[in-house]
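Welcome, and please take a moment with the sequence and the model before reading on. The notes below are meant to be read side by side with them.

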Amino acid sequence: MAQISPKLLIPESFQVSRDDITGQLGLIWELIKAPLIVPVLKIGVYLCLIMSLMLFMERVYMGIVIILVKLFWKKPDKRYNFELIQDDVELGSSNYPVVLVQIPMFNEKEVYKISIGAACGLSWPSDRLVIQVLDDSTDPAIKLMVEQECQRWSSKGINITYQIRENRTGYKAGALKEGLKRSYVKHCEYVAIIDADFRPEPDYLRRSIPFLVHNPDIALVQARWRFVNANECLLTRMQEMSLDYHFKVEQEVGSATHAFFGFNGTAGIWRIAAINEAGGWKDRTTVEDMDLAVRASLRGWKFVYLGDLQVKSELPSTFRAFRFQQHRWSCGPANLFRKMVWEIIQNKKVKFWKKVYVIYSFFFVRKIIAHMVTFFFYCVVLPLTILVPEVKVPIWGAVYIPSIITILNSVGTPRSIHLLFYWILFENVMSLHRTKATLIGLLEAGRANEWVVTEKLGDAVKKAAEAAKNKTNVKAPRRFRFKFTDRLNTLELGFAAFLFLCGCYDFVHGKNNYFIYLFLQTISFFITGIGYVGTII
């Protein structure tokens with residue numbers, strides 16, 4: 001058989017010198033592009049378009065339902081039996097149920113007084129209120145400060161107990177579970193959970209407990225978060241936009257249509273009997289709150305969301321704290337979905353359409369698809385199509401659908417509509433970390449159960465700024481300054497370089513003007529990569 005010359009397999013236009021490295025790389029690219037790169041990239045485009053349509057239909061559905069809810073649905077106090085608990089001279093405080101307030105904390109030096117003071121200031125008969133501070137702090141100095149704060153309120157007649165454990169087994173879920181085992185809380189009917197940086201108003205219990213008292217099928221009453229530091233920096237404004245949509249649309253729709261939504265972990269009140277029936281707190285994922293909510297819902301319990309009952313809280317203002325929080329919030333739901341999807345399918349107590357809502361809408365689209373399509377489509381596939389012009393992305397998929405989704409997402413925070421473009425770029429950056437965390441959760445990889453408590457700064461930054469402004473001799477809170485290298489995020493810098501190269505190629509050879517978006521997205525990744533996001537401490 002005659003030997004076949006390699007030149008017969010290579011077009012003449014690609015014949016280059018073996019010493020020409022650039023030519024050799026171009027040759028290899030052209031050889032693998034048609035049979036491998038183009039088909040794979042086309043599949044990626046089709047999958048991303050399908051995911052975009054799924055997210056688009058989900059957002060449109062939520063938009064339609066929230067409009068109907070606002071126009072035609074009855075308010076929670078009209079949908080359910082509701083009557084404020086009145087003071088009775090003859091009965092005294094006995095007509096009030098006994099409520100347990102749990103405050104879990106871990107090294108909360110800057111904010112521990114906030115939640116303890118707010119809990120002790122609740123308008124509820126003192127003999128019907130039990131406050132439990134669950135301190136898992138590892139810093140002895142902070143533990144002493146928290147204990148002394150509890151003693152200070154106890155000396156004023158408040159029924160408050162400082163509770164510690166020998167270890168942090170189960171993290172927050174373990175602390176809450178351990179707290180419910182104590183003998184002095186056995187007579188409590190309901191438990192209000194307040195994180196260390198949350199500060200409910202005095203009438204918080206009076207406006208929420210009646211839903212549980214008069215409706216024996218309700219297990220949870222969830223209040224809305226309101227952010228005291230939303231204006232601190234651009235990072236907190238971006239978070240406010242995302243979370244406002246969650247509370248004003250997602251939670252509202254879930255409560256009104258299926259009496260189900262994810263417990264937010266704080267600013268909520270549970271019926272203790274429902275917690276016990278659902279199997280109690282479990283630490284198998286980093287979203288113990290969502291885990292309990294899904295299990296309780298599968299046993300037929302209903303939830304009520306009160307959008308007009310707001311609890312002040314703090315947003316993480318440092319990028320490091322925000323990244324850790326987003327890892328937990330993205331990894332945990334994906335991991336829980338992996339563990340519970342079959343249990344949800346097999347459940348006999350809930351209706352078919354509620355199962356569809358929980359599996360498809362609540363978990364699959366919002367917790368998995370939303371992160372992945374944002375990252376893979378706009379940060380990977382779309383830039384790659386610039387390098388492979390044989391693969392086309394339809395204009396409706398690249399521009400129209402994302403624009404509509406973005407507009408629908410922004411309805412929760414109209415005051416920040418002028419920041420919409422910045423929010424899009426930042427959300428694309430964060431989709432990198434959320435997708436990574438989601439995949440870790442789905443595959444149950446190494447960091448699936450990583451729990452890092454979100455750092456709260458409280459008024460430390462404000463006090464430091466005021467001290468500097470007034471140039472007083474008052475000692476400002478110590479600020480921890482990190483080296484520049486400690487703030488570098490190599491993953492973001494790597495994607496900044498990739499998008500910059502794609503943008504340059506599109507500027508020279510492209511026809512769709514995607515380089516405008518790519519250069520702006522490059523700047524976003526670069527700024528995030530060098531750590532100049534949020535409050536710099």
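This is a predicted model: local features need pLDDT of at least 70, side-chain atom pairs count only at pLDDT 80 or more; totals for chains, interfaces and linings use all residues.

Residues are numbered from 1 along each chain as its sequence is written, and side-chain values use heavy atoms, with hydrogens and water left out.

**The whole protein**

- The secondary structure comes to 17 helices and seven strands, taken as DSSP runs numbered from the N terminus (helices are H or I with at least four residues, strands are E with at least two).
- The C-alpha trace spans about 105 × 65 × 45 Å along its principal axes.
- Of the 537 residues, 52% count as buried; buried means under 20% relative accessible area, exposed over 50%, and partly exposed in between (1.4 Å probe, protein chains only).
- Among contacts (heavy atoms within 4.5 Å) between residues at least 6 apart in sequence, 81% join residues at least 24 apart.
- The accessible surface is about 26200 Å², and 60% of that belongs to carbon and sulfur atoms; areas come from the Shrake-Rupley method with a 1.4 Å probe, and for residues only the protein chains shown count as cover.
- The mean positions of the 66 positive and 49 negative charges lie 2 Å apart. Lys and Arg count as positive and Asp and Glu as negative, without His and the chain ends, and each charge is placed at NZ of Lys, CZ of Arg, CG of Asp or CD of Glu.

**Surface patches**

- Patches are made of residues with over 30% relative accessible area and no salt bridge, joining like charges within 9 Å and nonpolar side chains (Val, Leu, Ile, Met, Phe, Trp, Tyr) within 5 Å. A salt bridge here is a side-chain nitrogen of Lys or Arg within 4 Å of a carboxyl oxygen of Asp or Glu.
- A nonpolar patch, with about 1000 Å² of accessible area together, includes Leu53, Phe352, Trp353, Ile395 and Trp396.
- Helices α1 (21-72), α11 (352-387) and α12 (395-409) each supply at least two residues of this nonpolar patch.
- Leu53, a member of the nonpolar patch, lies in α1 and is partly exposed at 32% relative accessibility.
- A patch of positive charge gathers Lys177, Lys181, Lys186 and Lys282 on the surface.

**Helix α5**

- Lys177 of the positive patch sits in α5 (residues 171-180) and is partly exposed, with a relative accessible area of 40%.

**Other residues to look at**

- Ala267 has a positive phi of about 60° without being a glycine; Ala267 lies in the loop between α7 (234-258) and β6 (268-271) and is buried at 2% relative accessible area.
- Gln239 is in helix α7, is buried at 3%, and touches Leu315, Pro316, Phe322 and Gln325, leaving aside residues up to four places away in sequence.
- His327 lies in α10 (residues 319-346) and is buried at 7%; leaving aside residues up to four places away, His327 touches Gly332, Ala437, Ile440, Arg447 and Glu450.
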